[in-house]
Amino acid sequence: MPARVAIVGGGVSGLVAAYRLRRALGDDATIDLYEQRERLGGVLHTVDVAGQATDVGAEAFIVRRPEAVALVDELGLADRVVSPTPRRPAIWAGGRLHPMPAPALMGIPATAEVMAGLADPADLARIAAEPDRALAWRPGDDVAVGDLVADRFGASVVARSVDPMLGGVYSSLAADIGVREAIPALAARLDAGAPNLSAAVGGLLNPVGTGGPVFGTLVGGYRVLVDALTAAARPALCTDRQVVAVHADGDRWRVGTESGTDTDYDGVVLAVPAWTAARLLAGIGDEFVATLAAVEPASSVVVSIALAPGTALPDHSGVLVATGEDLRPKAFTLSSQKWAHVGGDGAAVSVRASFGRYGDPVADPADDPRIDESLRSWALTDLDRICVAAGVSAPSEHVLEVRVQRWDGGLPRYAPGHLDRMAGVLDALPPRLALAGSSYAGVGVPACIATAGRAAEVILAALG
């Protein structure tokens, strides 16, 4: 009999799993894709803002990992991939813009000199003297990035360099993210016996490496990828339909929806956050469900701003805001400066402001009906302040459109030990059940593509 597989979650992870299963199982297989929203893509969400395709969720992917590049090429979209311009981001600290410290590893500086004018003088001396201090690190340790860097280099380095970098990737401060989770190569260096943090960071930065751009994006936005995956996977779409429970029924799995409909499948891929997977699997009662439920979400909001064509912006790709500053957003992406294809040929100039992180969520409209209006005002007021500090006229007089996009529980917190706990969960799953998504082995698009591929392999192996 042709296989019947359910995929719960229509983000990039669910779509890639559906695509891999379709290619392996052929046209006869039934692949039902459940998504509680009316649209597919999850945090890959492209909307039109002032007539321009604009990503209001994930914006780019790492091209030095193979998964996204290979998938885009496989789908015939390689000619859509573009690289950033040479402009660099800046750091907002002490009421002004500073160059992004370089060389640095996820904001951890290679030397004291690159933090001059940004870190406190006492911490500059601390960085310089760090190689002379004994490092208490045992192979296998996993501590918070912020704790490690504050101990070795000082708190101002965390607040003004590491927090801004990690906050944009994980929607969490460095004190809430594990070293192995955020910078596994650094943990490996320390495990291998690096005598201090300076040596570990320097050893990772000194080699020239592969060179070339780190990030890429797609002309036309991520909707191009979502549409291509949907067309290639050809799932039976069950959109605007919420799954409420998934449980075993002999050697099959039963998927129940809020409408009261239960459907049996040969296998199920849950391409959803860990806490959602825990809720759906609550009836199983296995210990791994409690581990999934313990993962904490980090919510954020993107405010997309379209400005009149020709509006001037600072000569940076973006501005990352240091912890403790009085600007309300955590970062600005100056999209028209970062990507050459955005805002050209008389199109609107595009900027996005990001708000919220783990432990500091943005108010919900149910609690504050005026919060979206406040977000718009804060984004424009603080963008004006940054521009004026950079010697550029305030752009808020040239606004064409502002759009607010909320991402409630958009990312998991990658606390110390998270990856080991999730690896244990994946090993403990019952047969014909697989997990995919940003909760399990990395938050970026390439990592999600990788988990989706592994989930499809689990189902295919079980189906024989």
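I91 has H98 of strand 8 as its bridge partner. The model behind this report is predicted. The pairing belongs to strand 7 (residues 90-93) and strand 8 (residues 96-99), which run antiparallel over four bridges. Two residues sit between these strands in the hairpin, and G94 adopts a positive phi near 65° there.

**Domains**

The protein chain splits into three parts, including domain 1 (4-38 + 239-296 + 414-463) and domain 2 (43-100 + 208-223 + 298-412). Domain 3 covers 104-133 + 143-203.

| Domain 1 and domain 2 | Value |
|---|---|
| Distance between C-alpha centres | 30 Å |
| Buried area | about 1,400 Å² |
| Salt bridges | two |
| Residue pairs in polar contact (both at pLDDT 80 or more) | five |

Carbon and sulfur atoms give 67% of the area buried between domain 1 and domain 2. On the domain 1 side, E296, V445 and P446 lose the most area to domain 2, together 35% of what that side buries. In contact terms, 18 residues of domain 1 meet 18 residues of domain 2.

R20 and E74 form a salt bridge through their side chains, at 2.7 Å from N to O. Helix 1 (12-25) and helix 15 (445-463) each contribute at least two residues to the side of domain 1 that touches domain 2.

**A buried aspartate**

D382 lies in helix 13 (residues 371-389). Is D382 buried or exposed? D382 counts as buried because its relative accessible area is 3%, under the 20% cut-off. Leaving out residues up to four places away in sequence, D382 touches L327, R328, P329 and F332.

Methods
Residues numbered from 1 in each chain as written. Predicted model: local features only at pLDDT ≥ 70, side-chain atom pairs only at ≥ 80, totals over all residues. Heavy atoms only, no water. Pairing = 2+ DSSP bridges. Buried < 20%, exposed > 50% of the residue type's maximum accessible area, 1.4 Å probe, protein only. Contact = heavy atoms within 4.5 Å. Domains from an automatic or database assignment. Buried area = accessible area lost by both parts, 1.4 Å probe. Salt bridge = Lys/Arg side-chain N within 4 Å of Asp/Glu carboxyl O. Polar contact = N/O pair within 3.5 Å; in protein donor to acceptor, adjacent residues only side chain to side chain.
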